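Good morning, everyone. Today I will go through the disulfides and the aromatic pairs of one structure. Please have a look at it first.

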Amino acid sequence: VPSDVPSDVPSDVPSLSCDGPNTEIKVTVTTDLYPLETSWTLVDLCNNDLIAEGGNYRSTTTSYTSTVTACVSYFQFTINDSYGDGICCSEGDGSYTVTQDDIEVASGGEFESSETSSFGTSCATA
């Protein structure tokens, strides 16, 4: 659930109700020296729903983890850096990791304005 109140302790996103199986997605972001520049979104591509988002990070070189339980689907994770220099390596050693059911599906840190990864089950079989 998005919040306009910055926090050094991100809250987990509430779980969604599914008719079928669930999946757990965990996003861990380690901030660089400019944490306010970093944000991310997780979208269910089968129905274009925003599943989770993160940002408003205040502390440098700090790890933040958000966990969401969602319906099995095909997802798109996008991480953004508003300055355009990514989160590694010119201004600190920031990074991100996304796991689905404890399996790494995306990771990185060296990008410019944004980086996108898609993962999960195709919409036809979700």
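**Disulfides and aromatic pairs**

Let me start with cysteine 46 and cysteine 123, which form a disulfide with their sulfur atoms 2.1 Å apart. A disulfide here is a pair of cysteine sulfur atoms within 2.5 Å. In general, a disulfide is a covalent bond between the sulfur atoms of two cysteines.

Before going on, the sources. This is a predicted model, in which local features need pLDDT of at least 70 and side-chain atom pairs count only at pLDDT 80 or more, while totals for chains, interfaces and linings use all residues. Residues are numbered from 1 along each chain as its sequence is written, and side-chain values use heavy atoms, with hydrogens and water left out.

Back to the cysteines. The structure holds two disulfides. Where does the pair of cysteine 46 and cysteine 123 sit in the chain? Cysteine 46 is in the loop between strand E2 (38-44) and strand E3 (49-54), and cysteine 123 is in the segment after strand E10 (114-120), 77 residues apart. Strands (E, at least two residues) are DSSP runs, as are helices (H or I, at least four), and they are numbered from the N terminus. The link of cysteine 46 and cysteine 123 is left-handed, with -100° about the S-S bond.

Cysteine 46 has 32% relative accessibility, so it counts as partly exposed. Cysteine 123 has 41% and is also partly exposed.

The other disulfide joins cysteine 88 to cysteine 89, S to S 2.0 Å. Its link is right-handed, with 70° about the S-S bond. Cysteine 88 is buried because its relative accessible area is 16%, whereas cysteine 89, at 41%, is partly exposed.

Now the rings. A search of the whole structure finds four aromatic pairs. Rings of Phe, Tyr and Trp (its six-membered ring) pair if their centres lie within 6.5 Å; planes under 30 degrees apart are stacked, over 60 edge-to-face, and the rest tilted.

One of them is tryptophan 40 with phenylalanine 77, tilted, 5.9 Å centre to centre and 35° between the planes. Tryptophan 40 lies in strand E2 and phenylalanine 77 in strand E5 (residues 74-81), so the pair ties together parts 37 residues apart in sequence. Phenylalanine 77 also pairs with tyrosine 96, tilted, at 5.4 Å and 35°.

How values were computed
Buried means under 20% relative accessible area, exposed over 50%, partly exposed in between (1.4 Å probe, protein chains only).
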